[in-house]
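Here are a few exercises to work through with the sequence and the model side by side. Try each task before you read its solution.

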Amino acid sequence: MSIRSYEINLDSFSSLIPEPIVGRQGDKNGAVTLYVTVTDRGGAVDLTEQTINLMAKTAKGTAIIADNAGVTITDAVNGKFTYEVPNALWSEAGKIKEAYFSLNDANGQQTTYDLIFIVKKAIDISQDKAEDYIAIIDGTLRDLKEKVDSIDSRLPSIVSGSPKGVFNTLDDLKKAYPNGTDGVYIVKADGHWYYYANGWQDGGLYQSTGISENEIDATMVDKINFGNILDSYLLVKKSRKYSQPANLATVDNQSVSVTGVTGKTTGVLIPFDFKDNINLNKQLHLMFSYKTSRMGDSANDIGIYVTDAADNLLLKVGSIYQNTQVTKVHLIFNSASLTKISNKGSILFSIGTDYELSLTSLMMNYTGFSGTFSDQVIETDTGNIVNSPIDLSSYRSAYAVGGETFDLTDDGLIYKRTATSGNGGFGYFCNVDTAKNVYVTYKGGNSANSLFVPRITGADTLGNLKIKLDDTRVVGNPVIPTGIDTYVYKITPTDFSNAGINRSFGILFTIAGNGYAILKDLTVSNTIGFNSNSDTHNEVLEKTPLRQNEIIGQSPRNLGSATKIDHSGILFGTYDIQSQIDDGILKNIEAFAPSAGNYKFSVGKIDQNDLIVSQTDYQIALNAGYNIIDLEQQQIGIDNGFRLFADLSTLGIYQPDSSHQRLFSSLIQDNSHATTNPNYSGYVMYSDDVLLPFKYEVCEKNVDKKILTLKNSISDVNLSVSNVKASLDNINLISPSGKKFGISVDDSGNLTTFSLTANKVLIMGNSLTLAGGQIGMAASNPSLDYYSIVKNKLMSINSNVVVKPRLGAGQWESETTSDGRQEVFDDVISPQLDADTDVVIVQLIDNINTDAKKATFEADAETLIKNIKNKAPKARVFWIARWFADDNLLAELKEACQAAGATQIDITDIARMSDTKSYIGATRTGADGTTWTVKSSGEAAHPGDKGMQLIADRVIESIS
């Protein structure tokens, strides 16, 4: 039997980590048992046919544990299993920081985040116990050898030669050999090969060929003779199949043909190589002639896309349709949309069924020059090509009023308006099939003091307003503006009919008052997004909208010609915008570096004192000059309320001027602006008129990553008589009259009972407990912060309870030495404690945000608890954590509480909810009736009324 057990819930959408799992050197196999449930957003993950292993390093890292002997799947469908921890894990005293479960099946491996194990020291370890450790490792090795032997026994049948048979479908194969057989078999339906190993396993595409990374390089580019042959960056002879068409044939360096497959989207990828980086300030021209082998198919449109070197779709540049006559096309599109590639990629022509598409005279360049064929080219108006992105340079002023300017930059079209009243704006005219749903997809943003409202207008003038694009037409959830955001609106055929619109119409963007607007990309088409291409995609994307993303800041591309500022003592910088994406990650960074090297960036928050908190540092390698760094695979988290900071002491800052205008508010930190709050230390972030050398994009994790990187969580377990944990602090007794009592024990082992009804209470903390207005930040009024809610609840239980005035103890967090924190206890905390104080609630951890403050935190927290109990022997101590602090501090606090006999109240999950914080613009009222508006993101990051209520509920549940 186990002497300790833990119930752990691992959910892909929870931010909680499980509590530390505690054992002692010498504990036997199964002395500690974990009851684990794996869920995805609250729904059970099916563990059928999953092999579960614990992977861990011992506390000192001298041994690796790979164990599944202790795993018992108790309810596969509902994601439940138990795990008996092996004695090998308890071999070395200390904290185990690398330990996780891996879930393995035929499709590969998924892993959880690290669990935390605490191994307590034993008085002695006998030789037989040491031999036990060797025994379990030997057992693990035997298990691994059996698995390898099993694989070895199957390999000859898999790799023995040609396939042994071909079946039309996988079901046909399963019917023929329900219990399996040796050899490889081909399934025509998907073209994959299968082998039998505990069921028929998919071996992948049979005899497929692929293109390795960077296979196409500059040395393979055809020679260009501008005077005689081509001005083109296309490598037509190197064309490749897209999704296995029936046939692909290249004729020469301008001609290729492709034949599709019935019921399948296939096509041809035509590589391009610009050798040098694409000039994002120029338009690109794609020219070709085409014809098809027939007309009239339902899937008669041919989509034309730009892809990156890995064949990921980046931009849809047009559509053409089946035509048995040779038709010549000239497409023009903005290269500014291709920031995700440097010089290489492909043009994709996709077809949806089994006709042949023949392409000739293929050319792509900046000039639009088609060589000797120029007199035969019939130019096609891009406005008549369905699904073409809008050329941002074709804007029209909506009202032609004074005081407005337009500027095309790397950040898109920038529209500025100086008039403080009335409306201004700009727009575009479109030609789209209004008999189908039309989607307006754009990336844009505006200054805080201006309203940015899109509308559909008539085709005659942008002033002829027809349809307002409001939240009722949003695909997905309405967007909370943060910077450059992605918006998708849907207009139905009925909407157009009611407005009297048929195909031709305008799209208008208006600005009310003065300010600016930025339009980065705009597509008005029959598909959602910038490059999706089918009605099926639309149906899926309307239910699962485009992955959220935010572009924060402005491009540093042109800082090479800007004036660098010599700012003494400069530290960090960021934009006055924080992420609004739950569970977001850093997608990419654009940065301008003075020289090649490693540069420090940090993810963190700005608190109410304008100090950086919850800071995590990263080193990113940059080349000299302008850089675009794709960081999505690094999975660097930037959650709701966080932002990216750059170390400006190495990157520098720049002076705005007429050629380098500042579009967003910049915040910087230097060593001459220290906080004036006596209870805190550090240098503040403040607004300054400078250009920052970076810009970044935050996006929502994709679904695969959310499942792959299951976040650890801890479930709240209500104690019952049948499942009482072996901890006296958690044993409650109820008298016949319904009164609650706890049990305590002295050093002689004598048990006594005490009432759980609080009689004298002290609550101390940082700004969440006591801040400006003499209330907790950021409740809307004094009665709605957690202190007041807890106080009122305790008084409803015991009308004679004494709840002392809230105590601000933030200075304890600010101290950097144990002596300093002891002095705070002696001078500030101890005078508020009495011998009969029976409940003490501590809320201190969030401002432990520097290495100096963190150095002795665990020991000082343990000392603080012991000091409280020495001054108030009857006191039960509860410690609330955390709203801002990091995971390591939370783990250290758990150990301190366990060592000193306090109860930790974990509020991490409340802090990570998107609707538990305050917001900029909220009205707050202090204890003296003074009202003010929340203006800083630091204040807004604190708990609002909902957050305060949830914190109070958790405190009351813990102490009563």
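**Exercise 1. A loop residue and its surroundings**

Task: Which residues is Ala-758 in contact with, leaving aside its neighbours within four places in sequence?

Solution: Bear in mind that this is a predicted model.
- Step 1. With those neighbours set aside, Ala-758 is in contact with Leu-794, Asn-798, Val-801, Asp-838 and Val-839.
- Step 2. Now place the residue: Ala-758 belongs to the loop between β53 (751-755) and β54 (760-765).
- Step 3. The relative accessible area of Ala-758 is 7%, and buried means under 20%, so Ala-758 is buried.

**Exercise 2. Helices α7 and α15**

Task: Compare the span of each helix with its expected value, then find what its buried residues pack against.

Solution: 
- Step 1. Helix α7 has 12 residues and reaches 17 Å from first C-alpha to last, close to the expected 16 Å.
- Step 2. Tyr-786, Tyr-787, Ser-788, Ile-789, Val-790 and Leu-794 are buried in α7. Leu-794 is also among the contacts of Ala-758.
- Step 3. The partners of the buried α7 residues are β54, β55 (802-803), β57, β58 and α15.
- Step 4. Turn to α15 (residues 945-959), where 15 residues reach 21 Å, close to the 21 Å expected.
- Step 5. Its buried residues are Gly-947, Met-948, Ile-951, Ala-952, Arg-954, Val-955, Ile-956 and Ile-959. To read such a list, recall that an α-helix has 3.6 residues a turn, so residues three or four places apart point the same way.
- Step 6. These α15 residues pack against α7 (786-797), β57 (839-843), β58 (876-881), β59 (903-906) and α13 (908-912).

**Exercise 3. Aromatic pairs**

Task: Classify the ring pairs Tyr-442 with Tyr-489 and Tyr-575 with Phe-664.

Solution: 
- Step 1. The model has 33 aromatic pairs. In the Tyr-442 and Tyr-489 pair, the ring centres are 6.4 Å apart and the planes lie at 15°, so the pair is stacked.
- Step 2. This pair links distant parts of the chain, with Tyr-442 in strand β31 (residues 438-446) and Tyr-489 in strand β34 (residues 484-491), 47 residues apart.
- Step 3. Tyr-442 counts as buried at 1% relative accessibility, and Tyr-489 counts as buried at 6%.
- Step 4. Tyr-575 and Phe-664 are 6.3 Å apart, centre to centre, with 80° between the planes: an edge-to-face pair.
- Step 5. Here Tyr-575 lies in strand β39 (residues 570-575) and Phe-664 in the loop between β45 (653-655) and β46 (666-674), 89 residues apart.
- Step 6. Both are buried: Tyr-575 at 1% relative accessibility, Phe-664 at 7%.

Methods:
Residues numbered from 1 in each chain as written. Predicted model: local features only at pLDDT ≥ 70, side-chain atom pairs only at ≥ 80, totals over all residues. Heavy atoms only, no water. Phe/Tyr/Trp six-rings, centres within 6.5 Å; stacked < 30°, edge-to-face > 60°. Helix = DSSP H or I, 4+ residues; strand = E, 2+ residues; numbered from the N terminus. Buried < 20%, exposed > 50% of the residue type's maximum accessible area, 1.4 Å probe, protein only. Expected span 1.5 Å × (residues − 1). Contact = heavy atoms within 4.5 Å.
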